[in-house]
Amino acid sequence: MDPIRDRYTRRLCWTEMMSTKQLKLFVPASLLCSLAVLVAGCRETPPATFDPNFVHAMKYQIREEIPMDQPMDDTFWILTEMFGTPDQPKLPAFVAEEEDFASLVSMDNLMKASGDPGTPGRGLYQKHCATCHGVSGDGRGATSSVVVPYPRDYRKGVFKFTSTPRGVKPLREDLTRLIRNGIEGTAMVKINELTEEDVQALTDYVIYLSWRGELERSIIDEAVLSGDWAFDEGDRIIVPEDRDLGEPPAGLSDEQLDEFETRVENFEYGWELAEELAMDIADSWLEAEDEVVEVPEPPSDFPVTDSYDEYVQVKNSDQSAALADSVQRGREVFLGKIAACSTCHGKTGQGDGQTTDYDDWTKDWTLKIGLKPDDRDSLIPLLARGALAPVNAKPRNFSTGVFHGGESASDLYLRITQGIDGTPMPAATFVEGEFEEVDVWHLINFIRSLEDQAQMESQTPTEDPQAETPTA
């Protein structure tokens, strides 16, 4: 067994044992935990630990054919120095030196959200979120493999439902909204017991986990892709023992002095690189405030509805003709070649068009290194290191009236114009005379009409073949 796999097995055996038994035995989690303790011969639950991003490292080991065991260890040491542990989180030292960075995450909130739920005033994340999203924010909690869609992996730094353009970090308010209200149609449900202070603490903790996880990816990316390190020749990203070398001892030969100074320089280079990458990530969160998409007011010459109930009301009002015309225009755009909505969502909007694509989290460790998501044999080394089996990204079935990112007209406007980050849903491309910005509002009305049509069809009596034919 290779070193990476061996450490992965030791570190994750507890959660793997639980999730496997849950799937096979279908017994309560509380009983399962007790059973696991007996089997493992343990007296108490081990403390929570962050897990290295084995999948991200292994994809480079496969593609570049270089050993990644030591680079992972070096990177994990940097992360621990900067961000602490699940029980004792901390922030990089530079945060205290810059007011903007200090505004990104509150240590008080981190302490409240982190730690053991059994400790008073602590443990919000492990209590409410880790079962799905995992202690590390990797989307690999105990229930992750049976949740559709998979829980979000924060470490890529990508979030779907934002008030910002595709490729830009979400606003803080985007995250608090999802934590506060849940995501309709998913396992991410509203938790009524959370106070507003709890929601804010969890928001900070999600940003913290994403920041930490994205830094891990960035360090590994930089180390592998820059060409500055030759890991197959024993190069190190950083050598922790060289942090406190201080001044060179007296009596060193010139050769020894050169070696000493090289060690000091290499440590400083590795640490400064990590700090620069961490700052870049922090900046990307702060800059999101300047990238907010302003949703314009809907046109005044035809109605635009904010919900299905409102659609039904308008349909039965004196505005019904204007609404019908808008729906017809929306249908034309939906089926047209420019917006091309029907390519994925199907001609009837039931999500039955292109259904074989994958989200960016899956593509990151499959297609990006030349592996086909449906070739499961080639994926075994990555699946063994924690990757979740690829699942197709299903386009929304509009007839259900369920919208993960919100059902209001402004929510749908954002999804159509900006796309959904991390998914095959692209941002709109407008073409004068064929697909213009005003057509977005027509599309929204058309999408509402699909739910209306489904509702009417469900209420239409069907013929009973056993019914007796009436006679004259």
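Let's start with L215. L215 touches L79, M82, F83, A274, L277, A278 and I281, leaving aside residues up to four places away in sequence. Contact here means heavy atoms within 4.5 Å. Before going on, a word on the source: this is a predicted model, where local features need pLDDT of at least 70 and side-chain atom pairs count only at pLDDT 80 or more, while totals for chains, interfaces and linings use all residues. Residues are numbered from 1 along each chain as its sequence is written, and side-chain values use heavy atoms, with hydrogens and water left out.

Now, the core around L215. The largest nonpolar core has 56 residues, and W211 and L215 touch the most other members. A nonpolar core is a set of buried Ala, Val, Leu, Ile, Met, Phe, Trp, Tyr and Cys residues joined through side-chain atoms within 4.5 Å. Buried means under 20% relative accessible area, exposed means over 50%, and partly exposed is in between, using a 1.4 Å probe and protein chains only. In soluble globular proteins, nonpolar side chains tend to be buried together.

Which helix gives the most to this core? Helix α10 does, with 14 residues. At least two residues each come from α3 (54-64), α4, α6 (107-113), α7, α9, α10 and α11. Helices are DSSP runs of H or I, at least four residues, and they are numbered from the N terminus. Another core lies apart, with 23 residues, among them C341, A409, F435 and W441.

Next, helix α11, residues 254-287. Its 34 residues reach 48 Å from first C-alpha to last, close to the 50 Å expected at 1.5 Å a residue. The expected span is 1.5 Å times one less than the number of residues. Buried residues of α11 include F260, F267, L277 and W285. The buried residues of α11 pack against α4 (69-83), α5 (99-102), α9 (172-181) and α10.

Back to α10, residues 196-225, and to T203, which is found there. Is T203 buried or exposed? T203 is buried, because its relative accessible area is 0%. T203 touches R172, L175, T176 and I179, again not counting residues up to four places away in sequence.

On to the aromatics. A search of the whole structure finds 17 aromatic pairs. Rings of Phe, Tyr and Trp (its six-membered ring) pair if their centres lie within 6.5 Å; planes under 30 degrees apart count as stacked, over 60 as edge-to-face, and the rest as tilted. Take Y125 and Y205: their centres are 5.0 Å apart and their planes at 50°, so this pair is tilted. Y125 lies in helix α7 (residues 124-128) and Y205 in α10, so the pair ties together parts 80 residues apart in sequence. Both Y125 and Y205 are buried.

A second pair is F334 with F398. This one is edge-to-face, at 6.3 Å centre to centre and 70° between the planes. F334 sits in helix α13 (residues 320-335), and F398 in the loop between α16 (376-383) and α17 (409-418), 64 residues apart. F334 and F398 are both buried.

F50, F83, Y125, Y205, Y208 and W211 form one aromatic cluster.

Last, charges over rings. The charged end of R152 sits over the ring of W361, 4.0 Å from its centre. K59 lies over the face of Y60, 5.5 Å from the ring centre. The test is NZ of Lys or CZ of Arg within 6 Å of the ring centre and within 35 degrees of the ring normal.
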